[in-house]
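Please read the following note on charged side chains alongside the sequence and the model. The points are numbered so that each can be taken up separately.

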Amino acid sequence: MSNMNQLMDVLIIGGGPAGLNAALVLGRARKNVVVIDNEKPRNWVTRETHGFVTRDGASPREFRKAAKEQIAAYPSVQFTSDTATAITGRDGDFLVTTAEGASYRTKKILFAVGKKDLPLDINGLTEVYGKSAFVCPYCDGWELRDHSLVIIVSGDKALHMAKVISGWTAHYTICTNGSDSLTDEQRKELKRHNVTVFDAPVQSIDSEDGMVRQVVLTDGTAIPCTGVFFQPKLFTGSELPKAIGCEITESGTVIVDESGKTSVAGVYSAGDAASEMYQAITAASLGALSAVSINNELNFEKWDEPGHH
């Protein structure tokens, strides 16, 4: 599908919660929208989406299916399974080309590209990720309540994570995975709360059928556990925001203002790409917020056109 000759109102790159909610809001606002999504979301490894009222426990696939069924009520929104590869032009008339050779002209762009995980060099993590090893206690802490957990995290985030995870279980151990960036004061505080800290690098995570059994360190220490939380290394889900000049933080987050605007005129970003909250409901709300901002911008621009009554 190519809309080379038709100038769309909005092109949304990414079809996760942020992109889908933006598409819903813009469809209801009678805007012509194309959602380009390669259907390879970061959360595909997870079995369930949590913390999203009316959708708690739904799989990412179920979530997307329900969203697309509801958006189908608004015929000005189209979906295409593809990957955006290049963007030229400027605010009011961008040209977006894709891996499948399609081209789209659009007035505004919304990046809802999420983030991707950089692989962590831990043997056995792939087998348990999304089953008994997770990154977000707000998403998966309930399922691991009162379990014996290993928290693989370094630096200031170790103490922060220890405090957060304590609401779900009192049985957990911190592994800094070879980092010695914890201060003496932080170590003393963890010790006061009976939290054991191991600094040796993680050698492997032993598991059976995706369920963690123990974490083994390079010094031979074996820590029995039934769950793991770890600190992921992330980068932006697409190189395009950076390629067209959007300002991006060192951690790979697209910098936006309170309405979702990037540093490039006519370009917005929402969801995990532009936030570090990493919850489906937060991504969806940011998608809705950006969609309202984009719609207002389009309406105001049309209002000011010569001859508009």
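1. Which residues are linked in a network of salt bridges? Asp91, Lys108, Lys261, Glu297 and Glu301 make up that network, a salt bridge being a side-chain nitrogen of Lys or Arg within 4 Å of a carboxyl oxygen of Asp or Glu. The structure holds twelve salt bridges.

2. On provenance, this is a predicted model, in which local features need pLDDT of at least 70 and side-chain atom pairs count only at pLDDT 80 or more, while totals for chains, interfaces and linings use all residues. Residues are numbered from 1 along each chain as its sequence is written, and side-chain values use heavy atoms, with hydrogens and water left out.

3. Arg64 and Asp37 form a salt bridge through their side chains, at 2.8 Å from N to O. This pair links distant parts of the chain, since Arg64 lies in helix α2 and Asp37 in strand β2 (residues 33-37), 27 residues apart; helices (H or I, at least four residues) and strands (E, at least two) are DSSP runs, numbered from the N terminus. Arg64 counts as buried because its relative accessibility is 12%, and Asp37 counts as buried because its value is 9%, where buried means under 20% relative accessible area, exposed over 50% and partly exposed in between (1.4 Å probe, protein chains only).

4. Helix α2 also holds the pair Glu69 and Lys65, which are four residues apart and therefore separated by about one helical turn. Their side chains meet in a salt bridge of 2.9 Å, N to O, and both Glu69 and Lys65 are exposed.

5. Glu208 and Arg213 form a salt bridge in which the closest N and O atoms are 2.9 Å apart. Glu208 counts as partly exposed, at 45% relative accessibility, whereas Arg213 is exposed, with a relative accessible area of 53%.

6. Lys115, in strand β7 (residues 115-118), deserves a separate look. Lys115 is buried yet has no salt bridge, and the nearest side chain of opposite charge, that of Glu276, is 5.2 Å away; Lys and Arg count as positive and Asp and Glu as negative, whereas His and the chain ends are not counted.
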